[in-house]
Amino acid sequence: MKEYRTINKIAGPLLFVEKTEPIGYGELVNIVLFDGSIKRGQVLDTSDELVVVQVFETTAGIGKDSGVRFTGETIKMPVGRDMLGRILSGGGKPIDGGPEIVPEKRLDITGAAINPWARGSPNEFIQTGISTIDGTNTLVRGQKLPIFSGAGLPHNTIALQIARQAKVLGAKEEFAVVFAAMGITKEEANYFMQDFERTGALERAVVFLNLADDPAVERIITPRLALTTAEYLAFDLGMHVLVILTDMTNYCEALRQIGAAREEVPGRRGYPGYMYTDLAGIYERAGIVKGKKGSITQFPILTMPGDDITHPIPDLTGYITEGQIVVSRELHRKGIYPPINVLPSLSRLMNLGIGAKHTREDHKKVSDQLYAAYAEGNDLRGLVAIVGKDALSERDRMFLEFADLFENRFVRQGYDEDRTITGTLDLGWELLATLPVEQLVRIDRELINKYHPKFRNVPKAT
Amino acid sequence: MEVKDKKTKEKGILKRIAGPVVTAVNLDAHMYDVVKVGNEELMGEVIKISGEDIIIQVYEDTSGIKPGEPVINTGLSLAAELGPGLLTSIYDGIQRPLSVLVDKMGDFIQRGVSAPGLSHEKKWTFKPVKKAGDKVEAGTIIGEVQETNIVHRIMIPPNAKPGTIKTIKNGDFTVDETVCVLEDGREFPMIQRWPVRVPRPVKEKKNPTIPLITGQRILDGLFPIAKGGTAAIPGPFGSGKTVTQQQLAKWSDAEIVVYIGCGERGNEMTEVLTEFPHLEDPKSGKPLMERTVLIANTSNMPVAAREASVYTGITIAEYFRDMGYDVSLMADSTSRWAEAMREISSRLEEMPGEEGYPAYLAARLSEFYERAGLVTTLNGQSGSVSVIGAVSPPGGDFSEPVTQGTLRIVKVFWALDAKLSQRRHFPAINWLNSYSLYLDSLHDWYDKEVSPEWNKIRSWAMEVLQKEAELQEIVQLVGSDALPEAEQVTIEVARMIREIFLQQNAYDAVDTFCDMKKQYDMMKTIRLYSELAYAAQAAGVSPAQINATKSKNDLPQIKFIKDYKPALEKIEKEMDAEFTALRSAA
Ligand SMILES: Nc1ncnc2c1ncn2[C@@H]1O[C@H](COP(=O)(O)OP(=O)(O)OP(=O)(O)O)[C@@H](O)[C@H]1O
Ligand SMILES: [Mg+2]
């Protein structure tokens, strides 16, 4: 392989290399330092005169005297079954002291889009044991459902509880967890790792760690390595894979950094104009392929800068993912765990995974009614602050009380409390029964007669 | 029609590759020529000519392509293949059938594979409707193919000169085989090719006067779109753009539906693909899929093809319009299309306009929506294309360029509202901000086809909602009990309009579609309640007593009942009795 020593400019993570033979767009590049160590990069722009290389590690130590080798192929990732149980760096190198990965295949890390014609429809209900998810924002296999959180909120605890408890009822299939950390602190990483070890989940997990002090640009490839691994486990080995990506905010910062180095025209708040397309290239790598056994379910976690849901990172994410679980500072302050605010939360695939065939026939309507009643009660809180409780009508007072009840009974649950879906739905009915039955306008009479505690005459759920 | 060859084919070489935009030199090319890029012959289109440099957007991933590889100019424009086989198909942005791509390259989209839009092997039964000696001209229907339950009318291409039929065949043919020969020797197969960036010609554009009935109460009832009209549905993520568009694709009374998933989710297209074949058209009882053409260029498929997808879709829509059909086209989302333009434009290092969008954004938007319309086709029939575009404003802020550029053109604005969707008020269309500029031109239709009362009842409902908004401001300060008694009734009536009439659950088997008759009946009962309640209040009955009436409690159930008439009549009777009793007691 030919080695060039024609770097003429280094700007941020970018190298500008001159006088090369024709080089392919997107090729993997090895940069050889004076001490023989090698850094990796990728071709971003190629022409007769100049090749622009983006380096995935720090450019410390790279100089005009460094050698540049173009490998003639795009970035590939060695994958194999024995990756399970391994801990790798954000760049894909083992960091657990174990042996190199024995590759069964080498796959392009950008991944190819699943042909929509080949996609299977995600409709298998995943029970997470958390009422605000199962009951009102149901997750299904093959979905991408991010957690929108804020600095200092317990999103990691929630993610772990989901990873621990998530199951498809009645199914005994091979599953795996792929965990990709981008720019999180060592302490946060330990929190995850200890839980994985405590529960034995590590055996079924592949962990990629790019920590806060690792090079920021490496974060660009970390989620891609993780998803390439997930695709192999899911579509080659037939496993059901849960992918946790945290923290996508750090990923987007890295993307912005590269955009700035390339002197691109920035979009909103300095993030590149192609961030939607770039994020789609990550999030869309979830789903089911018809005729294949496995699936990829994604749980990206992001912290909203300034708790602002309209910030480009949560905004563009929400436009791509199939809903979002929003963690609320207000509920957290009230001491409620998990502090999930159902109002801005959403699962778009919910309707495919609930109902008589999957959970229970009343699921949709109960969920709608809980939402409507909680939203109404929540609104009234603002009014009460101004006019006082006494100025409320009888009806309004009932909704106000419902909102408190909802937060304290339905939302609040233990860190290890694994509720069944029937338990969650019955709990929903129990709370709705505190309202006059004619206020339950979202539910048809038939279901009310069958499930409403006042009418059904069956023992109450505990 | 054959897209004319502008010149002999040319071969150049690649000079630079930077993502989806590449530069070639030594190439004789015109704007929008289709070229084949690199050794793998990836499809691309010339989008800029600058000195020696020919700049090309490539419809496939360019990884691994090197400077020095060849570029071949086909001399053709990007064109859609039009003919039998379009219906029930699902295409990518450049009309490659996704099912064929799965056969050729597996479950994941690879590159370098071409696939024609129509099957060139399949035989269709062509029945002539013209005979030898008949005069034909551009647009003349010469025969028919029973494609699905839809009759596909075979036409003389729009730019052909007139002539006289020498022979016309009857029987089974591929789309390429000649079915009609004119006396001057010209031969016509069933297939036509039309450059997607050029609108297909019509005889005349007319003003729309008939609503596109969608079965969605807030749309048909309050903010209708006309057949041949344009509508925009902007809203933040998760507010209901896609669900509304899919509802329209399912239930609107168009004869043909073109649905473009432009830069959106793969799973949403799968949902359409799995669901539509099992749904029936409420009018014809035929599977909805049979009238549908899908275009799916999802967010992770190449951006240049995303840019093209909108043109491919509207060209197919116009083609069916030319047969005399009412076509409705949904584009979800036009913002992703605009972003594709922005991405390409920034790679061209063009001077950016507002928020980095190219300066020609507004022009492109209006050119696109102008392709909608109710028309007299070249063959003298009436046909229409209605266009409904979703807009995805960043942060849900409508002041951004795509929303604003769209609102300047379209006639109907369905403003989605995150506050409504968060409380699961669906469709989350804000009744105060939305509007339809077709109300006047559709007035007569509602008068005749629904009821002479309808237009009045609609204005009444809008007034109540408007009044409620004003009252709510006061309620926020002093509480509802402090309102004058008559206004407490108004609040209750408005609540009924919102919860009973406006809210409509797309996932309820019955409520998903509501015909105009039922819409009218529901609204009439709410107004009956209103009249009785005001009369009772005037007679001295207290708002608390009025609110406590039981008869209205069953009203929300009406929407879930298919054969609702008996139940509704019973409610009206009980209402009447209850209020009569209240009044006489007062
Ligand atoms: N008419 C409706 N009836 C019932 N539910 C609805 C309706 N409209 C929207 N929803 C609910 O809202 C969710 C989000 O709607 P949808 O996917 O259409 O949003 P969107 O505006 O297209 O978002 P995005 O911009 O992210 O694509 C749906 O999954 C569904 O749960
Ligand atoms: Mg959508």
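**Interface and local features of chains A and B**

In this predicted model, chain A and chain B together bury about 6,400 Å², of which 53% lies on carbon and sulfur atoms. The size of an interface is often stated in this way, as the accessible area lost when the parts come together. In terms of residues, 74 from chain B are in contact with 82 from chain A.

The rule finds 33 residue pairs in polar contact between chain B and chain A, with both residues at pLDDT 80 or more. On the side of chain B that touches chain A, two or more residues each come from strand 1 (10–18), helix 1 (98–105), helix 4 (266–275), helix 5 (303–322), helix 6 (334–347), helix 11 (454–478) and helix 12 (485–502) of chain B. Helix 4 of chain B gives the most to this side, with seven residues. Sorted by class, the side of chain B that touches chain A has 26 nonpolar, 27 polar and 21 charged residues.

Side chains of opposite charge can pair when their charged atoms come close. Across the interface of chain B and chain A, six salt bridges are found by the rule. B:Arg423 forms a salt bridge with A:Asp379, and the closest N and O atoms of this pair are 2.6 Å apart.

The two chains are also joined through strands. Strand 5 (residues 38–47) of chain A is linked by two bridges to strand 1 of chain B, and the two strands run antiparallel. A:Ser47 has B:Arg16, in strand 1 of chain B, as its bridge partner.

Over all chains, the structure holds 24 aromatic pairs. A:Tyr319 and B:Phe237 form an edge-to-face pair, with 5.7 Å from centre to centre and 75° between the planes. This pair crosses between chains: A:Tyr319 belongs to helix 7 (residues 312–320) of chain A, whereas B:Phe237 is in the loop between strand 19 (230–234) and helix 3 (241–251) of chain B.

The count of salt bridges over all chains comes to 76. A:Asp418 and A:Lys167 meet in a salt bridge at 3.0 Å, N to O. The pair links distant parts of the chain, 251 residues apart, with A:Asp418 in the loop between helix 11 (394–411) and helix 12 (421–432) of chain A and A:Lys167 in strand 14 (residues 167–168) of chain A.

Within chain B, four strands form an open sheet in the order 10-13-15-16, with antiparallel pairing. Strand 10 (135–136) and strand 16 (187–189) of chain B stand at the edges; each has a single partner strand, so one side of each is left without a neighbour in the sheet. Strand 10 of chain B pairs with strand 13 (residues 163–168) of chain B over two bridges. B:Lys135 stands opposite B:Thr164, which is in strand 13 of chain B.

Some backbone features remain to be described. Most residues other than glycine have a negative phi, and most peptide bonds are trans. The peptide bond from A:Thr246 to A:Asp247 is cis, with omega near 5°, and A:Asp247 is in the loop between strand 17 (240–246) and helix 5 (248–261) of chain A. In chain B, a cis peptide bond joins B:Asp332 and B:Ser333, with omega about 10°. B:Ser333 is placed in the loop between strand 22 (326–332) and helix 6 of chain B. A:Arg269 has a positive phi, near 45°, and is found in the loop between helix 5 and helix 6 (275–283) of chain A.

Notes. Residues numbered from 1 in each chain as written. Chains lettered and ligands numbered in written order. Predicted model: local features only at pLDDT ≥ 70, side-chain atom pairs only at ≥ 80, totals over all residues. Heavy atoms only, no water. Contact = heavy atoms within 4.5 Å. Buried area = accessible area lost by both parts, 1.4 Å probe. Salt bridge = Lys/Arg side-chain N within 4 Å of Asp/Glu carboxyl O. Polar contact = N/O pair within 3.5 Å; in protein donor to acceptor, adjacent residues only side chain to side chain. Nonpolar A, V, L, I, M, F, W, Y, C, P; charged D, E, K, R; others polar. Pairing = 2+ DSSP bridges. Phe/Tyr/Trp six-rings, centres within 6.5 Å; stacked < 30°, edge-to-face > 60°.
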